[in-house]
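Colleague: I am new to this one. Could you take me through it by question and answer?

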Amino acid sequence: MNRNGIFFPDYSVSGILRELRKYLFIMIMLGMSVCLFASAMGKLTYQPIYESRAAIAVSERGAQQYSSLDTNSSMAAVYSEVFESPALQEKILEAAGEAVNGSISCEVISETNMLNLAAFSTDPGQAYALLQTALKNYQDVSDTVFSNAVLHIVQEPSISMEPSNSSFFIQYRFLFAAISVVCIAMLAVLRYFMRFTIKSCKGAEKYLDGEILSLVNEEHHKRLSAADKAKNRKDPYDPPLLLTDSLVRQRFSEQMRMLAYGVEKHMKKKEQKRILITSLAEHEGKTTVSLNLAAALAEQGKKVILIDGDISRAGISTAIHMPVSEDRSVTGVLSGNMDWKDALQIHKKTGVQLLLHCNTAKGSDQHMDAVRIDQITKEMSESAEYVIIDSSPVSVSQDAEVWMQAADTTLLVVRQDWSDVRGVNDAVDQIWQNCSDFAGFALNVFYGNEQVRIQKGVHQHV
């Protein structure tokens, strides 16, 4: 394996969208929380400001109101400074007789002799009183500037009961929520890029130390309806994903048969009969692969024995809903309570012979004797064409190493974007140390339309 930076073909848009979907609930909840928090902050910190406005026209005394627009515009500009001057502010305070909490703003309407005069205060009545006082006392100050100028009130001051300002937090609360959602989305995408897992066939070809035998696309359970469960009271559970079942898609069945073709070709070439199916971590689909590999080989008329070697839990018996007693289980056979031939059960749908594990078995790890396991599996291989062992994941239990020593070859199941590539390749090294042969990889639960075609013993990416 050689990783030189980021291998971009190993990162797909569909994979990024799936990663974002994982965090969709978190993004929605965070966005709503930020929006509510901003609203609460806005209500706590908001100080309403009320505005009272008046429109004023400036003209020369004794002349027509709009006789000289240029002159009147110049006077209007000066008057705007008068209304905002400290001298007028003093006059307003003196006239009001009390402290006035507010301010006055005056601006000239462009290319006119009109002024927009506004008073601002935290109280609407005070804003109106402030503006009225300014209009009554402007003459004492303005006479020193323009003695021949006169003001005409075009629009009388009014009291506004609605605040003229808005809360910063409330105004931009949706923007804050959107930013928080985008940040979480960016972190999710970054986590996706930083995760060193197999995300595509090209990534598998580049990073995995071994041959890719097949790729299996994702396949969902088609759950039974309540009516179907009522009709079939003896087995009300959802059926397993088996290629022989009519509920699975044809693509899934074909891909499992392609895997069986690759495994059979590899084992025939090296005259092998016992194969171990394992994975690095849990939930990578090794039990589903084991069941369907056995079913595909049995479909060709081969005699197949499938062993549930996952001592930590009963994987196969749980998947196919087939109960088994402790004496007739794998541990019962390994402990010598029953001969393996008497412990075998037939799966009616596939014709595969099963040696299952019982969940109630205690102290099962004490029965993991490599010599005993090798002896039993050799006897099985003499009466059957293929012996398939579904063991526990390599990283979960050491039982897989014991089964490796009894197997002729090992198949490693790798789920898309699940296990770290370095751990997977370490598992391959472990397989070579405990088993004489490594068959290759089965890429499982891959989304999209990627396929691997096996042709003349060489895997090709399609």
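Colleague: How many helices and strands does the protein have?
Modeller: This is a predicted model, where local features need pLDDT of at least 70, side-chain atom pairs count only at pLDDT 80 or more, and totals for chains, interfaces and linings use all residues. Residues are numbered from 1 along each chain as its sequence is written, and side-chain values use heavy atoms, with hydrogens and water left out. Helices (H or I, at least four residues) and strands (E, at least two) are DSSP runs, numbered from the N terminus. The secondary structure comes to 17 helices and 14 strands.

Colleague: What share of the 462 residues counts as buried?
Modeller: Buried means under 20% relative accessible area, exposed means over 50%, and partly exposed lies in between (1.4 Å probe, protein chains only). Of the 462 residues, the buried share is 47%.

Colleague: What share of the contacts with a separation of 6 or more comes from residues 24 or more positions apart?
Modeller: Contact means heavy atoms within 4.5 Å. Among contacts in the protein with a separation of 6 or more, residues 24 or more positions apart account for 78%.

Colleague: Which residue of strand 12 stands opposite Leu215?
Modeller: Strand 5 (residues 212-217) and strand 12 run parallel, joined by 4 bridges. Asn217 stands opposite Phe446 in strand 12. Opposite Leu215 is Leu443.

Colleague: How many residues of strand 12 are buried?
Modeller: Strand 12 covers residues 438-446. It also pairs with strand 11 (residues 409-415), in the parallel sense over 6 bridges. There, the bridge partner of Leu412 is Phe441. Strand 12 is mostly covered, and its buried count is 9 of 9.

Colleague: Which residues of strand 7 are buried on each side?
Modeller: In a regular strand the side chains alternate between the two faces of the sheet. Strand 7 (residues 304-309) has 6 of its 6 residues buried. Both faces of strand 7 are covered: one side has Val304, Leu306 and Asp308, and the other has Ile305, Ile307 and Gly309.

Colleague: What is the bridge partner of Leu306 in strand 9?
Modeller: Strand 7 pairs with strand 10 in the parallel sense over 6 bridges, and Val304 stands opposite Tyr386 there. Strand 7 and strand 9 (residues 353-355) also run parallel, with 3 bridges between them. In strand 9, the partner of Leu306 is Leu354.

Colleague: Are helix 10 and helix 11 roughly parallel or roughly perpendicular to each other?
Modeller: The axes of helix 10 (residues 250-269) and helix 11 (residues 286-299) come within 9 Å and cross at roughly 75°. Angles under 35 degrees count as roughly parallel, over 145 as roughly antiparallel, 65 to 115 as roughly perpendicular and the rest as oblique. The two helices are therefore roughly perpendicular.

Colleague: Is Glu271 buried or exposed?
Modeller: Glu271 lies in the loop between helix 10 and strand 6. Its phi is positive, about 55°, although it is not a glycine. Most residues other than glycine have a negative phi. With a relative accessible area of 75%, Glu271 is exposed.

Colleague: Is Asp417 buried or exposed?
Modeller: Asp417 is in the loop between strand 11 and helix 17. Phi of Asp417 is near 50°, a positive value in a residue other than glycine. At a relative accessible area of 15%, Asp417 is buried.

Note on methods: Axes are lines fitted to C-alpha atoms, for helices over the stretch in contact, and angles run from 0 to 180 degrees between N-to-C directions. Two strands pair if DSSP finds at least two bridges between them.
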